[in-house]
Every structure is written in C-alpha cells, then in structure tokens.
Amino acid sequence: MQSKINLQKKLGLKLFRHYKDTQTQLHDLKYLFWECTLNCNFNCLHCGSSCGTSQSNDLHYQLIVKELVLIKERIGKNLPHIVITGGEPLMRKDIELFGAEISKLGFTWGMVTNGSLLSHERFSALAESGLTAMTISLDGLKESHNWLRNNILSFDKTISAIKTVLENSSINFDVATCITLKNINELEAIHELLLSLGVKNWRIFTIDPIGRAKVHKELDINGEVLIRTLEFIKKAKKRKQISINYGCDGFLGHFEGEVRDEFYFCKAGINIASILHDGSVGACPNINKQLVQGNILNDSLINIWNKNFQVFRIRDWTKTGQCAACNNYNYCQGNGICLRDLENNKVMKCHSKMIG
Amino acid sequence: MTKNWKRNLIGGLSFTSMLFIFQACYGTPHDVGYDVLVEGIVKSKTTGQPIKGIKVAPYNDMQQVFTDENGNFSFYIFAENGIGLRFEDVDSTQNGGFATKDTILNTFTSQVFVNIDLDNK
C-alpha cells in the first residue's frame, strides 16, 4: 500500500523532480564529509561501524588539505562545505590545525560530535579556527540518551556541550535526535528541554534496520512509531518555537513538504562526497562500502568525483521489486542509497510503505 | 560503460559487507545548504500587465522555465548567496518586445517570491 499524495503536492513534487534531474546532471560538489577517525570514546548501541572497538589508522590532515587545494583549483568559487565526522572527531587533536588551514583556503567547515569532549577551551579553539557549523547528538532524556549512548555520563556531558556552544557562538548549530522505542514518548519533553537551552534547530532521525539495530529491537521502529514521530514534527513546526526537520534519509509519502523544509532529495554522489578514514572516497559516510568510488591515496578526489559516481547519478538500477511497482518511484527513486540492500537490490526500509 | 558499473555493483557484493554500515551519520547541518522554491511574477513596467512566455533562467544552471499566461513562474534552486537570474523575452514580439533583465537573489529562506517589471524594448 502506498501513501496517497494530493494533487497539489504532486505538482510540487514534479517541479522538484525537474530540479533534481538538473542537479544530477550538474553534480556540483556541495558537501564533503571527512571521516577523520574511527576512534570513539563511546560505544553506542546504534553504531554499526567498528567505532570505539578498534584503533583507527587515521590519515594526516595535510592529505585532506592537499585534496581541497585541488578542488579549489578546479572549482574556483562556490566551494563545498566540509563536514568533519567520525568516530568522534574531537578524539583528534589536530582538527583546529586542519580547520585553520582550510578556512584560509576559503572553505567553510563544520562537525558532528557527541559533545562529550567539548570543553570551553576546545570550543574556543575550534571557533578561532573558523568553525561555522556544528551538530551535537541528543537522543532523549537522561535515561534513554545514556542507554543509547551506552554511557551513564553521556547525557550530562552532552547538555554541557550544548550550553557551551550556545553561550559562546552564533555558528549554525543543531541538535540531532535518533528516535527509538525508548524515547518516542519523550518528544515533547525533549522539545521543552531544547527550548529551555535556547536551541534553535532540531533534526530528528530514525535508525535504519541494519548493523546493531538488528540486535537491539528497541532501535527498529515500526510504521506506527514513524507516523507518531512525523505527526509530532508537523505539530512542532506549526508552533514555530524551534526549527524542526526530519532527517534526509527517506521519501515520506503524504508527509512530504510537511516535516522537512524541503522535499526529499538523496544527494549522495550528486552533491555529496566523503573521504573515509582510510582515504577511500564515497558518497555519504553511512553508505555501503561496496559503493566506494576510489581512494585519495591513488587518485585525486576531484578526479574521482568527475570520472566515477555514475551509480549515484543514474538510479534506474533501483527500480526493481517493490520499487518497480511503486507509484511514487519518480519522486523517491528507490529511497536513500544508504537504505539499499545491495546484495538483493531492494530497499531495506521504505518509509512510504511504513506510513501507509 | 553503464553495464560495467552495474555488473561491478552486483557482482562485487557480499552479505558481510552489508552489515558493516556506519549509522551515526547525521547528514549536513541545517542552513548550510538547502533547496529553495523560487516563485514570482513578471509584468510589463509600462502597463502593469503580466507577460507570458518570458524565459527565466538562473546563471550557472541548466534549468530554464517560462512564465505562464498570468506571468507566473516557479522552480527550485540550490541555496547560495548571489544567485543570478535572467529574464529574457525570447518569443520576439508575440507578447510585445521587452528588454532582458538580470537580478541577484542574496538572501534565502526555503521559499522566495520575486516581482519583476520589464521595460519595453
């Protein structure tokens, strides 16, 4: 069963599809993730990588700077925004050196962090190095956040980090929350908490049914919980107390245009690339490593971006199984690439079907 | 070429690779870049009447749309400072003759509305 989309929204989606096609043809690099390490001070339940359990053989930051110099030479203006991710980026001591160098080159940069290592001093150093954006994860009230983060001190540290950012800076800042069966009943309370802290932007995600989510059933939400989440976002949007959006990972049927500021658009490999911890180049960092497109140790990122990535830009290979029979395929195009089961070439999670 | 990458994609897969997927990726921070709905209306500066058939095209973009019978147009664009738009009368004198006009959009929300008046040639 597919969600019913009204005519007006369909017209909007058709217009948006034209834009998506144009962006796909242009495929300008707008965001570049750098997975600077796999090391992490936490061992979160929802993390499917080897974060926190293995030593990461991190690349020297100068290798990334070298790639950015080449990108600047090739692109000129409208440089991509750099997003540093991990593991936990703040495990590295040289982020400020990297940030300062790329700021001088004209790049803006931000980071995604659990916040636990973000002291006032560290944040000041990052801000002085040109930090322009930051995302901190808060996955519920104290008990549910600490449960997901697998650390009894995590909540207090996260709140402290959020306060540090808001007291000291006017960077683009948002809080990201993963919805689980543990925190679904806390959405209103988290909303109040964020308002009391002065947070202005909040992004809500669901966890994909892969990796450790297969073991921890509380992470694998069903259609009813997804609908409750989306209804909450709709309601919170109307209240306009905080800028709230659902994450980027799926086409949401009749909820499209109501729970995000934009229509769904998986920009992986179209506007987004990543340099992973070992130098391999892909689209978003959470996409199956079988779709790695090259490695900066063998070729430049800008060459890889221009020569490869066809699998992300021509998506008709996703039109199989339930996607082939779906009326919304033209808008959805097989859902996010991060949600594809490549072995069986099918979608692992269809938001539209879950919504009904 | 296309067949090669499809073959590589399907052929190179293994079940174990599917399980090791990094979940803690939260996408790009809000406000860093997003898609903007640009809507507007094009009118004659002389008569104040809407003009049909005006080509509206962002700079450095492959998109182009044409105004409808009410002078309206709409399209999506990636949010960036200093987006240039060109309004061009390309149907000769069918709807009157109008001079080309350029404008720059500097501030963005997720939706913007543009009013454009065109001079007669």
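This is a predicted model: local features need pLDDT of at least 70, side-chain atom pairs count only at pLDDT 80 or more; totals for chains, interfaces and linings use all residues.
**Val65(B) in S3(B) is the bridge partner of Val56(B).** Residues are numbered from 1 along each chain as its sequence is written, while chains are lettered from A and ligands numbered from 1 in the order in which they are written. The view shows strand S2 (residues 54-58) of chain B running antiparallel to S3(B), with 2 bridges joining them. Helices (H or I, at least four residues) and strands (E, at least two) are DSSP runs numbered from the N terminus, and two strands pair if DSSP finds at least two bridges between them.

**Chain B holds 2 helices and 7 strands.** Among contacts in chain B with a separation of 6 or more, 54% come from residues 24 or more positions apart; a contact has C-beta atoms, placed from the backbone, within 7 Å. The mean pLDDT of chain B is 77, and 71% of its residues reach 70 or more. Residues 6-25 of chain B have pLDDT below 50, and this stretch has 43 contacts in the model beyond near neighbours in sequence. For the model, the scores are ipTM 0.73 and pTM 0.87.

**An open sheet of 10 strands runs through chain A.** Welcome to the other chain: here the strand order is S7-S6-S5-S4-S3-S2-S1-S8-S9-S10 (chain A), and the pairing is mixed. Strand S7 (243-246) and strand S10 (294-295) of chain A form the edges, each pairing on one side only. Look next for strand S1 (residues 31-35) of chain A and strand S2 (residues 81-85) of chain A, which run parallel and share 5 bridges. Along this pair, Leu32(A) faces Ile82(A) in S2(A) as its opposite number.

**Strand S4 (residues 131-137) of chain A is mostly covered.** In this strand, 7 of its 7 residues are buried. Strand S3 (residues 109-113) of chain A pairs with S4(A) in the parallel sense over 5 bridges. Within that pair, you can find Thr113(A) opposite Ile136(A) in S4(A). S4(A) also runs parallel to strand S5 (residues 172-179) of chain A, to which 5 bridges join it. There, Thr135(A) has Asp174(A) in S5(A) as its bridge partner.

**Helix H3 (residues 95-105) of chain A has the buried residues Ile95(A), Phe98(A), Gly99(A) and Ile102(A).** Seen down the axis of H3(A), these buried residues fall within an arc of 95°, so they line one face of the helix; the arc is that of the directions from the helix axis to the C-beta atoms. Their cover includes helix H2 (61-75), S2, S3, H4 and S4 of chain A. After H3(A) comes Gly106(A), with a positive phi near 105°.

**Helix H7 (residues 187-197) of chain A has a buried side and an exposed one.** Leu187(A), Ile190(A), His191(A) and Leu194(A) are the buried residues of this helix. They cover an arc of only 105° around the axis, which puts them on the same side of H7(A). Turned away from that buried side is the face with the exposed residues Glu188(A), Ala189(A), Glu192(A) and Ser196(A). Among the elements covering the buried residues of H7(A) are S5, strand S6 (201-206) and helix H8 (223-239) of chain A. Gly198(A) follows H7(A), and its phi is positive, near 95°.

**Ala268(A) and Ala283(A) touch the most other members of the largest nonpolar core.** This core counts 118 residues; a nonpolar core is a set of buried Ala, Val, Leu, Ile, Met, Phe, Trp, Tyr and Cys residues joined through C-beta atoms within 7 Å. In soluble globular proteins, nonpolar side chains tend to be buried together. Setting aside neighbours within four places in sequence, Ala283(A) is in contact with Ala268(A), Gly269(A), Ile272(A), Ala273(A), Ser274(A), Leu291(A), Phe312(A) and Ile337(A).

Definitions and conventions. A residue is buried if 20 or more other C-beta atoms lie within 10 Å of its own, exposed if 12 or fewer, and partly exposed in between; C-beta atoms are placed from the backbone. Two residues are in contact if their C-beta atoms, placed from the backbone, lie within 7 Å. pLDDT is the predictor's confidence in each residue, from 0 to 100.
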